[in-house]
Amino acid sequence: MPQYNKLLTFKPKNAAEYASLLANYTTNLTNNVTRNPTPVPSVASIDWVANGAAWPNAFDQLTCGGGYAFASVGALQGAYELKYNTSKRLSVSQVLTCSGVSGNAGCTTGTPEATFNYWKTTAAELATVFN
């Protein structure tokens, strides 16, 4: 099975790569970072469902406080779709059940940051495999 965590590139950059990454950013005197304007469509004008980067139906969390897991999985699914032009439904249950090693606590609390840290070492599973 493919490892979907390959989407996440947490590799150190060399000086040239790092400089090119920062080329689109400027800082003002109060050290607030802002992105230089580029001609891109407004986020509100993009139909993410029609472009295949979002699922057309919502998921009901019921009484689970795992919004972080739904958001993280949704972000990774969308990134996967945009990169590979094919959609995969990934497992929210895996994040809720297994990402405690990164600081999440199932339906009690968690963060997308902890989830992405979890995916650095563990492949995101398909919902059909881990549900």
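**Reading the contacts, disulfide and ring pairs**

Author: Among the protein's contacts (heavy atoms within 4.5 Å) between residues at least 6 apart in sequence, 65% join residues at least 24 apart. This is a predicted model, where local features need pLDDT of at least 70 and side-chain atom pairs count only at pLDDT 80 or more, while totals for chains, interfaces and linings use all residues. Residues are numbered from 1 along each chain as its sequence is written, and side-chain values use heavy atoms, leaving out hydrogens and water.

Reader: Which residues form a disulfide?

Author: A disulfide is a pair of cysteine sulfur atoms within 2.5 Å. In this structure there is 1 disulfide, joining Cys 64 to Cys 107 with the sulfur atoms 2.0 Å apart. Distant parts of the chain are linked by this pair: Cys 64 sits in the loop between β2 (33-35) and α2 (67-84), and Cys 107 in the loop between α3 (92-98) and α4 (112-121), 43 residues apart. The link of Cys 64 and Cys 107 is left-handed, with -100° about the S-S bond.

Reader: Is Cys 64 buried or exposed?

Author: Buried means under 20% relative accessible area, exposed over 50%, and partly exposed in between (1.4 Å probe, protein chains only). Cys 64 has 14% relative accessibility, so Cys 64 is buried. Across the protein, buried residues make up 25% of the 131 residues.

Reader: How many aromatic pairs does a search of the whole structure find?

Author: Rings of Phe, Tyr and Trp (its six-membered ring) pair if their centres lie within 6.5 Å; planes under 30 degrees apart are stacked, over 60 edge-to-face, and the rest tilted. The search finds 2 aromatic pairs. Tyr 80 and Tyr 84 have ring centres 4.7 Å apart and planes at 45°, so this pair is tilted. Both lie in helix α2, 4 residues apart, about one turn of the helix. Tyr 80 is buried at 11% relative accessibility, whereas Tyr 84 is partly exposed at 40%.

Reader: Why is the pair of Phe 116 and Trp 119 edge-to-face?

Author: The planes of Phe 116 and Trp 119 stand at 80°, with ring centres 5.3 Å apart, so the pair is edge-to-face. In helix α4 these residues are 3 residues apart, about one helical turn. Trp 119 is buried, with a relative accessible area of 1%, and Phe 116 is partly exposed, at 21%.

Notes:
Helices (H or I, at least four residues) and strands (E, at least two) are DSSP runs, numbered from the N terminus.
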